[in-house]
Amino acid sequence: MKEKLWTKDYIGILVTNFFLMLTFYLLMVTISVFAANEFGATESQAGLASSIFVIGALVGRIIGGKYIDQIGRKKLLIAGVIIMVISAIFYFGVNSFGMLIANRLLHGFAFGLAGTVLGTVVAQVIPKTRSGEGIGYFALSMTLATAIGPFIGIYIQQHFQFKMIFVFCLVCIAISLVLSVIIKVEEITLTEDQKAELKGFKLSNFIEKKSVPITLVATLTAFCYSGILSFLTFFASENHITSAASFFFVVYAAAVLVTRPFSGRMFDMKGPNFIMYPSIISLLIGLFVLSQSHVGSVLLIAGALVGFGYGTYMSSSQTVAIQSAPAHRVGLATSTFFILTDIGLGIGPFVQGFFVPSIGYNGLYIVLGIIAVICLPLHYFLYGKKASSSKITVSSVEVNSSIK
C-alpha cells in the first residue's frame, strides 16, 4: 500500500509556494513597465528594476541556507513571508526609482528566505518511497506559476490601473502568511558538533558540497533555458510567429502537468537516471526544433519538448540534491541548488547577448542545443555513473532521533 502523499501540510506547502512564485513572475514581467511609466526609467533601468529582485533572492538563499536550523525553520519561514507582506505594502508608497530598487531588493531577500525554507520542509512531509513524485509536484507549483503569473500580470496591466497588480500581490502573499502559520513544520535539533560545524563563514557553511555535482548540470540546463526566457519574443517576431509565441509557455506548462505524475513515479520506481537521461534528450531536441521554428505549430512542439525536458530535469535534480545531503544540511542543499541554478538563469542572457548579433537567434538556439548535448556526458560523470538504477536512499527525509 502506498504511503500517503497528499497530506494537509503537503498541500499547504504547495499552495504557499505557488502564491509566492506567482507574485514573483507576475512582477518580473510588469515592474519594468511601472518603472518606465512612473519614473521615466530607461530600458536598462527598467530591466534593473526587474532583475535586481534575483540579487536579493540570492542573498536571502545564502543566509537562509546557513541559519535555517539555527534560527528554526518555522520562524524563518514566517519571518520571510512577513517581510514580503511589508514589501508588498511598500510598493504602494514608492515615489522614486531608488525606492523601487530598494524595495525590490527587500522583496527578493524575503523571497529567498521563504523559498529556501519551503524547499527544505517539503522534503520532510513527503514519504521517502514517493520522494521523486512529491518533489515533482512541488516543482510543478513553480512551473504553473511561470505560466499563470505573467498572464495575470499582463491582463491586469491592460485592463486596470497598475496599483491593482500590487493589490493582487498583497492578497497572494497574505494568503501565504496564513498558510505558513498553519503548516506544521518539524524542526531539527542540532547536536553540539553540528552547531560547531555551522559556525563561522567558511564555504561549507553556505554550500552543501554533496549537492554540487548534480546542481552543476542543472545550472547548465538553466543557462540553456534562460535563452528561451529572454529571447523567445525577439525570435518569434523575427520569424513572424508572435501569436504562437504567446502560447509557448502555456504548452510548456501543459507538458509538465501531463508528464509530471508519470515522471515522478518512474523516478521512485526505476531510479533517477531512468527519467533524467530522457529529459536531457528532450531538452536538446526541443532547442534544435526551436531553432528551426518558422511556423507556429513547430514552435509549440518545441515548447512541449522543452517543458518535459527542462521541467523534469530540474525537479529530478532538485530531488537528488536534497537526497544527497545529511538531514541537518538539507537547508544548505536546497539553497545550494537554487543559488547555482539562479546564477545559470541570471548570467545566461548576459553572455548569450554577446553572440546574438553575429549568429542570430536561430544560431543561438542551435548553440544552446549543443550545450544541452554536453549535459549528457556531464550528467554521467558527475552523477549518473554513481547512481544505482534502483531507488536511492532518501537520507534527507528519514525521520530519525535528531528530529523532535
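Residues are numbered from 1 along each chain as its sequence is written, and side-chain values use heavy atoms, with hydrogens and water left out. Because the model is predicted, local features need pLDDT of at least 70 and side-chain atom pairs count only at pLDDT 80 or more, while totals for chains, interfaces and linings use all residues.

**Aromatic pairs**

The structure holds 20 aromatic pairs, a pair being two rings of Phe, Tyr or Trp (its six-membered ring) with centres within 6.5 Å; planes under 30 degrees apart count as stacked, over 60 as edge-to-face and the rest as tilted. One of them is the tilted pair of Phe24 and Tyr25, at 4.6 Å centre to centre and 55 degrees between the planes. Phe24 is buried at 11% relative accessibility, whereas Tyr25 is partly exposed at 22% (buried means under 20% relative accessible area, exposed over 50%, partly exposed in between, with a 1.4 Å probe and protein chains only). The ring centres of Tyr380 and Phe381 are 5.1 Å apart and their planes stand at 80 degrees, so this pair is edge-to-face. Tyr380 is partly exposed, with a relative accessibility of 39%. Elsewhere, ring pairs join Phe34, Phe39, Tyr91, Phe92, Phe162 and Phe166 into a cluster.

**Helix packing**

Helices (H or I, at least four residues) are DSSP runs numbered from the N terminus. Axes are lines fitted to C-alpha atoms over the stretch in contact, and angles run from 0 to 180 degrees between N-to-C directions.

| Helix pair | Angle | Axis distance |
|---|---|---|
| α8 (residues 212-238) and α11 (residues 272-291) | about 25 degrees | 12 Å |
| α4 (residues 97-125) and α13 (residues 330-353) | roughly 125 degrees | within 9 Å |

α8 and α11 are therefore roughly parallel, and α4 and α13 are oblique (under 35 degrees is roughly parallel, over 145 roughly antiparallel, 65 to 115 roughly perpendicular and the rest oblique).

In α8, Ile214, Thr221, Cys224, Ile228, Leu232 and Phe235 meet Met276, Leu283, Leu287, Leu290 and Ser291 of α11, contact meaning heavy atoms within 4.5 Å. The residues of this contact of α8 with α11 comprise nine nonpolar, two polar and no charged. Ala, Val, Leu, Ile, Met, Phe, Trp, Tyr, Cys and Pro count as nonpolar, Asp, Glu, Lys and Arg as charged, and the others, Gly among them, as polar.

Between α4 and α13, Thr116, Gly119 and Thr120 of α4 meet Val330, Gly331, Thr334 and Ser335 of α13. The contact of α4 with α13 has one nonpolar, six polar and no charged residues.

Key: Helices (H or I, at least four residues) and strands (E, at least two) are DSSP runs, numbered from the N terminus.
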